[in-house]
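Please look over the sequence and the structure, then read the points below.

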Amino acid sequence: MNLNFYIKNEKIVIIFLFFLSTIIRIPAVYIYGDTSLENEWEIIVYNLTEHGQLAFRNFDGFLLPNLYMPPLYPLFLYLFKFFYLTEQNYILAILYSQLILSSISVVLFYNINKKFFTREISIFGSLLFSCFPLYIYACSQISSITLQIFLTIVFLHAFFEILSNNKKVSYIFLISITSGLLVLLRGEFFIILFLSLIYLLASKKLSLKKIFIVVMITLVTISPYLIRNFINFNTFTITKSFGYNLWKGNNPNSKVEGSEIINKNLYQKINKINKDKFYQIKRDKIFFNEAIENISSDPSHYFLLYIKK
């Protein structure tokens, strides 16, 4: 029985990719794995656990509803609190769940590759993807990257199935749900969704009626958080951090990777903001105006910086 037999056996290939991906990630969890929640994750999960609120900032007991971070990953972390685990086991449960999602992603990546390449090339490409050092390391960290890659690959899997004229309703449902979850994980994903739906419509792979169904299911998925933000802030939005992110990449201290050093003048402006529920919106607007002022004062410098990025 030669190697060619195993390569042609689809079940063996899938089982091999899954278990190999799992095995090579276990050492990363124990050697490099995070041992506790830190920074924004710790704050948000604590407020969810102790106060039942998705909040990041605390002004003398006033919990400001979160508008800074996308909500999906904090909710993913909070989910494991229902198992009443010790701190060490709680972190391990998160990391092992990310490990499993990462391994499933490799299998789905293999299925996507088969639509474009031979089985042999697809296996090789999937092995490269599985063994990529940063991807192995990612599942050992309290970070949304593993969840984001998993949902993105699920989205692409459904997208390419539809492109292949697979008319199963399950793929329409899958692309809709994953789109909603990805918007809750990375707000800017709606741009990718918009372009994807335009392409599916233009290529006549989905009718206008089915495009409408995808949009509606996606909206239903994100609607609880949109409604929550409208009630709290009178605006339909997922996050309000565009201004801060724009400023981080466009300030006098910015390099290719950006800078979060706040100068004295900007700090004073932020310090004057009223500590009410609109704090995050006002704060983000200040950063946005500061970024526009920086870019306007030296457009050639920031344009070159953008090219380097």
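The model is predicted. By that definition the protein has 15 helices and two strands.

**Overall make-up**
- The C-alpha trace spans about 75 × 50 × 40 Å along its principal axes.
- Of the 309 residues in the protein, 43% are buried.
- Among contacts with a separation of 6 or more, 68% are between residues 24 or more positions apart.

**Nonpolar cores**
- The largest nonpolar core has 59 residues, and the members that touch the most others are Y73, L77 and I142.
- Helix α5, residues 87-113, gives the most to this core, namely 11 residues.
- Once neighbours within four places in sequence are set aside, L77 is in contact with L37, W41, V45, Y90, I94 and I142.

**Helix α3**
- Helix α3 covers residues 39-51, and its 13 residues should span 18 Å at 1.5 Å a residue. The C-alpha atoms at its ends are 18 Å apart, which agrees with that figure.
- The buried residues in α3 are W41, I44, V45, N47 and L48.
- Viewed down the axis of α3, these buried residues fall within an arc of 155°, so they line one face of the helix.
- An α-helix has 3.6 residues a turn, so residues three or four places apart point the same way.
- Exposed residues N39 and E50 are carried on the face of α3 that is turned away from its buried side.
- The cover over the buried residues of α3 includes strands β1 (55-59) and β2 (62-65), together with helices α4 (72-79) and α5.
- After α3 comes G52, which has a positive phi, near 65°.

**V107 in helix α5**
- V107 lies in helix α5.
- Its relative accessible area is 12%, so V107 is buried, the cut-off being under 20%.
- V107 and F16 are 91 residues apart along the chain, and their C-alpha atoms are separated by 9.4 Å.
- With neighbours within four places in sequence left aside, V107 is in contact with I14, L17 and F18.

**Aromatic pairs**
- The structure holds 24 aromatic pairs.
- F159 and F160 have ring centres 5.4 Å apart and ring planes at 75°, so this pair is edge-to-face.
- F159 counts as buried, at 9% relative accessibility.
- F230 and F236 form a stacked pair, with 4.6 Å from centre to centre and 10° between the planes.
- F230 is partly exposed, with a relative accessible area of 38%, and F236 is exposed, with 57%.
- A cluster linked by ring pairs holds F116, F117, F155, F159, F160, F189 and Y199.

**Charges over rings**
- K81 lies over the face of Y90, 4.3 Å from the ring centre.
- The ring of F59 has the charged end of K275 over it, 6.0 Å from its centre.

Notes: Residues numbered from 1 in each chain as written. Predicted model: local features only at pLDDT ≥ 70, side-chain atom pairs only at ≥ 80, totals over all residues. Heavy atoms only, no water. Core = buried A, V, L, I, M, F, W, Y, C linked by side-chain atoms within 4.5 Å. Buried < 20%, exposed > 50% of the residue type's maximum accessible area, 1.4 Å probe, protein only. Helix = DSSP H or I, 4+ residues; strand = E, 2+ residues; numbered from the N terminus. Contact = heavy atoms within 4.5 Å. Phe/Tyr/Trp six-rings, centres within 6.5 Å; stacked < 30°, edge-to-face > 60°. Lys NZ or Arg CZ within 6 Å of the ring centre and 35° of its normal. Expected span 1.5 Å × (residues − 1). Arc of directions from axis to C-beta.
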